[in-house]
Amino acid sequence: MKNILLIFLAALILPGIASGKNVLHGYVKDTKTQEPIAGATIDALSLEKTSIRKQMTKVSGEFRIDKDSIAFLHISALGFKDTIIPVLTGNSLVILLIEKPVLGEDIIVTAQKHTTTVQDVPISISVVKSSEITSRAPEAIDFALRYIPGVSVTESQVNIRGSSGYARSVGSRVLFLLDGIPFLSGDNGDVKFDAMPIMNVDRIEVVKGAGSALYGSNALGGVINVITREPSDSLHGALNVNAGMYDQVNYPEWQIPEVKRRFASIEGGLTGTTGETGLLGSFALRRNEGYRLGDDSYKANGFAKITTPFSSHDRFQASLLLANENKGGFLYWKDLNNALFPSDSLGAVNGRIHSFKGNIQSSLQSILSEHFILTSRASALFTNFSTDPTILGGAPGPHSNASNYYLEFEGNSDILDSLYLTTGVLGQYQLVYSDLFRNHHGITLGAYAQGEYKIAPLIFTLGVRGDAVKSEDSATIGSLSPKFGATYHAGNGLDFRTSIGTGFRAPTIGEKYVDQNFSGFQVVPNPSLQPEKSYSSEIGGSYRTQNIYLDGAIFYSSFDNLIEAHFVNQNGSEVIQFENLTKAETFGHEEVIEYYPLSNDNLSLRLGYTYVFPRDRVTKQILNFRPRHLLQARVEGKVGPVTLSSDFRYISKYESVDSILIQQVPNGDARVNAYIWDVRIAYTTQGLFAMPVTFSFQVQNLLNYYYVEIVGNLAPIRSFSFRVETTF
């Protein structure tokens with residue numbers, strides 16, 4: 001543990017600190033909103049206005065560029081008017097750009113591990129901005145993911161284009177990042193959505209398709225990166241209060257008078273800058289009485305972030321996240337006639353689950369030369385859960401304590417104008433103490449390299465990553481993950497892309513070593529599990545104008561060694577074990593339309609449709625828990641201070657589900673197509689001390705449509721909520 005701590009601290013101090021005082025430091029911001037502009041190009045010009053050197057602004061809008069021999073700066077950014085300014089005697093400045101929006105030209109960092117545009121990457125990307133996330137007043141980030149084309153969520157497990165099914169809180173075939181650093185638990189390898197600081201989320205970037213060539217294990221089906229806000233230049237605060245309740249169900253036999261069905265939350269935050277150091281912090285408290293018996297929850301989380309320059313060439317960032325949850329132990333219903341009551345066999349009303357999550361992470365970006373940037377990243381994620389006795393006075397339920405340490409060094413170089421190189425090395429260490437999985441540890445070492453070669457109007461991408469995974473009682477497992485991609489800018493807003501890549505996912509400690517009796521079924525360990533592998537390809541294109549954005553893709557993925565639980569005979573008894581069973585494939589297509597019919601953006605429409613055909617390559621059977629059709633639609637309109645928005649989702653019913661669950665759960669085969677319609681109205685005015693205040697009313701699942709996401713679990717019924725938001 002001491003050595004791990006030393007390595008973690010070394011990540012913050014090892015990168016060399018370049019010298020040089022004649023550096024121009026500044027920020028590029030939006031004139032209207034004062035928000036930083038990421039990915040703006042800073043072109044340093046001579047007196048004759050010829051280009052000397054170039055640099056792109058970071059997510060914070062910041063840039064640092066050698067001042068020698070330059071007379072002008074040419075600043076350009078997608079969606080903004082170009083600006084040329086003279087370089088004066090000072091060494092710091094703030095540059096304000098005037099908006100000139102073009103649909104579909106989002107600035108992203110996840111796909112290529114550096115700042116670029118959606119049009120320059122050879123794979124499908126979706127971006128969800130903070131305004132859309134917070135408008136829905138979600139309890140957790142996974143709620144926002146449900147509205148992204150090609151993405152479905154089964155309880156808390158994310159499925160991108162059919163890559164994932166469902167295994168209760170065990171493993172994730174989608175890599176989840178927080179500010180570019182993996183955020184998966186050390187035992188189950190699952191995502192802790194409730195820990196995310198919703199108030200401080202700037203945007204969510206979703207990469208669709210295998211991403212292991214840059215990100216390694218878990219990026220089998222894609223990558224999700226939650227990017228937090230940058231601290232503001234001046235002191236600002238925000239406070240959000242939300243309260244509501246679930247509606248009554250229509251069927252008398254489902255109704256539970258003792259469940260009040262209310263929920264409420266309060267969020268607050270402050271941000272500001274002192275000197276060159278930016279600070280940001282927030283908290284959230286949530287109480288949900290639930291709509292089912294034994295399914296209430298208490299949640300609390302806090303988040304803090306600091307950014308500061310160590311020198312004119314270095315920028316340090318660190319964050320701390322703490323979250324706690326206390327929730328009921330509802331696993332599945334008693335039967336379909338008692339859909340809101342838990343199974344009698346589990347005693348789930350008494351068995352409460354307590355969990356804690358703590359994450360500390362940091363990054364240090366050092367400009368070592370005009371053409372090379374070194375970024376070090378380090379994190380430590382701690383998770384804990386325990387379960388109360390399922391029977392009053394009985395033995396405590398299962399518990400687990402897990403740690404996940406991460407360290408990475410990444411280099412970015414543009415030594416040639418036409419070639420951009422990204423290279424890196426990393427290590428990850430997991431440590432688990434649990435009665436579910438016993439005591440185990442694992443280590444992963446990896447290295448990657450990627451080049452992007454530009455020959456206008458083409459961009460070629462070639463990359464490869466190697467990983468070695470080792471747990472204490474099994475052999476080292478190696479994996480090599482190459483990828484190739486190309487984009488073609490045809491002009492007049494028309495772009496084409498194609499890619500082929502590989503993915504892999506190492507089995508989690510939970511999958512390999514679980515040893516537990518679950519509802520009468522014994523689950524036994526399998527230390528010999530092998531990694532899952534995937535091969536993913538896509539051909540797509542997009543077209544954009546000032547008020548319309550069209551995107552379409554055809555995709556195919558092949559999967560080997562998929563890990564699934566099934567019955568095996570062990571010493572004459574039927575037990576459950578995770579094994580490498582399935583060879584699978586998914587293929588389909590996806591279309592997205594965004595339309596702004598008015599020049600002032602007061603009306604917007606978005607429609608996304610995804611068709612996936614997921615099947616076992618051997619048996620030709622449809623894979624479990626994969627919807628074949630997904631449709632998401634959103635309409636938003638603004639009239640003065642009033643905003644009206646509507647979201648609709650269609651999810652086709654699962655054609656196949658887990659046979660083990662069907663045996664456990666009464667009426668477990670009950671499932672239907674899902675039609676979910678949400679509506680919201682908001683009114684913004686000036687409150688006390690001229691502070692803007694927004695009042696909003698929201699109805700989720702307006703039709704009160706009854707459907708299931710997982711076997712034996714009725715999805716959220718209709719709810720009404722009222723929200724007040726203010727900033728100061």
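How many positive and negative side chains does the chain have, and how far apart do the centres of the two sets lie? It has 62 positive and 71 negative ones, and the two centres lie 1 Å apart. For the count, Lys and Arg are positive, Asp and Glu are negative, and His and the chain ends are not counted. Each charge is placed at NZ of Lys, CZ of Arg, CG of Asp or CD of Glu.

Okay, some ground rules. This is a predicted model, where local features need pLDDT of at least 70 and side-chain atom pairs count only at pLDDT 80 or more, while totals for chains, interfaces and linings use all residues. Residues are numbered from 1 along each chain as its sequence is written, and side-chain values use heavy atoms, with hydrogens and water left out.

Now the overall fold. We've got six helices and 44 strands in the chain; those are DSSP runs numbered from the N terminus, H or I with at least four residues for helices, E with at least two for strands. The radius of gyration is 26 Å, close to the 27 Å from the globule rule for 728 residues, so the chain is as compact as a globular protein of that length. That radius is over C-alpha atoms, and the rule is 2.2 Å times the number of residues to the power 0.38. Along the principal axes, the C-alpha atoms fill a box of roughly 85 × 60 × 50 Å.

Of the 728 residues, 57% count as buried, meaning under 20% relative accessible area, with exposed over 50% and partly exposed in between (1.4 Å probe, protein chains only). As for contacts (heavy atoms within 4.5 Å), take those between residues at least 6 apart in sequence: 63% of them join residues at least 24 apart.

On domains, an automatic or database assignment gives domain 1 at 2–97 and domain 2 at 222–727. Their centres, over C-alpha atoms, are separated by 33 Å.

Let me zoom in on two residues. Leu494 is in strand E31, residues 494–505, and is partly exposed at 31% relative accessible area. Skipping neighbours within four places in sequence, Leu494 touches Tyr488, His489, Ser542 and Tyr543. From Leu494 to Gly162 is 332 residues in sequence and 28 Å in space, C-alpha to C-alpha.

Then there's Asn547, in the loop between strand E34 (532–544) and strand E35 (548–570). Asn547 is partly exposed too, with 30%. Asn547 and Glu62 are 485 residues apart in sequence and, C-alpha to C-alpha, 29 Å apart in space.
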